[in-house]
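Here is a short briefing to read alongside the model. Please have the sequence and the 3D view open as you go.

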Amino acid sequence: MSAPTAPEPRRTYSYLGPSGTFTEAALKQVAEAEGQIWRPVNNVGEALADVIDGRSTAAVIAIENSIEGGVSVAQDALATMPGVRIIGEYLVPVNFVLVARPGTKLEDVRVVNAHPVAYAQCHNWMDSQLPAHGHIPASSNVAAASTLLDGTSTADAAIAPPGIVDHYDLEVLARDIGDNPNAVTRFVLVSRSSGVPERTGADKTSLIVELPNDEAGSLLGLLEQFSTRGVNLSLIESRPIGDALGRYRFVIDAEGHIHDERVADALLGLRRFSPNVIFLGSYPRADRTAVAYHSRYNDQVFIEARDWLRGLLDG
């Protein structure tokens, strides 16, 4: 009689905590994380360090907001912490409420605790409703609210996710205070896996690329690696490398998968062009929208071109 099979150990997923953050809402969309261990951390660096050091199987981090653009702390961490890959992305609609200790009225609010990104997305409402307010930055949206109750904050109110009152004894002073009701934050799932998810036809490839030198036409040369192969870019943002003024790296999201001939050929061009190309991963798009491109960039076109050249070389 064979011995019973031991259950597989549970996997750990890191996310910006505590419970109730938008990052946790993104983690809830990760099918393989259901029923596993969820580890709240304090910042992006800690989440990625968990992955690199093996404390977690993967981590969810915010990478881009439809209002504020790229999340610079995440982009810089991915550029400087080798050994991680993006294996998925998830979209979370973003809205905010203003909360305070029980008994507080809106007219009592003088100082507001808020994560800088959340604060930036609510500044029009804040300026119109609380024109004389001050701002204390917080490490997360939930931390902004929780410190109102633990005695560590001098703020009168906090900007937080709508579900915050499910976790803390706070009163909502105002709802829907975000300046844009269509705001969305994009999160990515990061792991140590060196493998690439299978292409689906609705994929995205993320890269970080340095310019070879600071001279006229360098950025154009970088972009031509994509345009001449019919690869559209859904994101390109510059970040300072930090070693000298005028030295930049570019965070790029290209439409397509590394197994697509046009994308693979663009990567080869980038590798010849740039002194440093970081491949962050190819993975399914969150919206599952198929990538559109001209038929002259089909895989078969690239394959036939290589066969033609091979025929010339072989005589």
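## Inside the model

The largest cavity has a volume of about 60 Å³. The structure holds one cavity of 30 Å³ or more, and this is a predicted model.

**Cavity lining**
- The largest cavity is lined by 14 residues, and the closest to its centre are I63, S206, V251, D253 and L280.
- Two or more lining residues come from each of these elements: α3 (72-80), β11 (184-191), β12 (203-210) and β14 (248-255).

**Strand β1 and its partners**
- Strand β1 covers residues 12-16, and four of its five residues are buried, so the strand is largely enclosed by the rest of the structure.
- Strand β2 (residues 37-41) runs parallel to β1, and five bridges join the two.
- Within this pairing, L16 stands opposite V41 of β2.
- Together with helix α1 (residues 22-27), β1 and β2 make a β-α-β unit that is right-handed.
- Strand β3 (residues 58-65) also runs parallel to β1, joined to it by three bridges.
- Here S14 has A59 of β3 as its bridge partner.

**Nonpolar cores**
- The largest nonpolar core has 56 residues, and those that touch the most other members are L48, I61, L78, F96, L98, I159 and I177.
- Strand β3 gives the most to this core, with six residues.
- Another core, of 14 residues, lies apart from the largest one and has L207, V209, L222 and V263 among its members.
- As general background, nonpolar side chains in soluble globular proteins tend to be buried together.

**F96 and N141**
- Leaving aside residues up to four places away in sequence, F96 touches F22, A118, Q121, C122, N141, I159, A160, R175, D176, I177 and G178.
- Where does N141 sit? N141 is found in helix α6, which covers residues 141-146.
- Is N141 buried or exposed? N141 has a relative accessibility of 12%, and buried means under 20%, so N141 counts as buried.
- With the residues up to four places away in sequence again left out, N141 touches F22, F96, H115, A118, I159, A160 and P161.
- The contact lists of F96 and N141 both include F22, A118, I159 and A160.

Notes:
Residues numbered from 1 in each chain as written. Predicted model: local features only at pLDDT ≥ 70, side-chain atom pairs only at ≥ 80, totals over all residues. Heavy atoms only, no water. Buried < 20%, exposed > 50% of the residue type's maximum accessible area, 1.4 Å probe, protein only. Pairing = 2+ DSSP bridges. Right-handed = clockwise from strand over helix to strand, strands pointing away. Core = buried A, V, L, I, M, F, W, Y, C linked by side-chain atoms within 4.5 Å. Contact = heavy atoms within 4.5 Å. 1 Å grid on protein atoms, 1.4 Å probe; cavity = no way out; pocket = protein on both sides within 12 Å on 5 of 7 lines; lining within 4 Å. Points joined across faces, edges and corners; volume = space filled by probe spheres on them.
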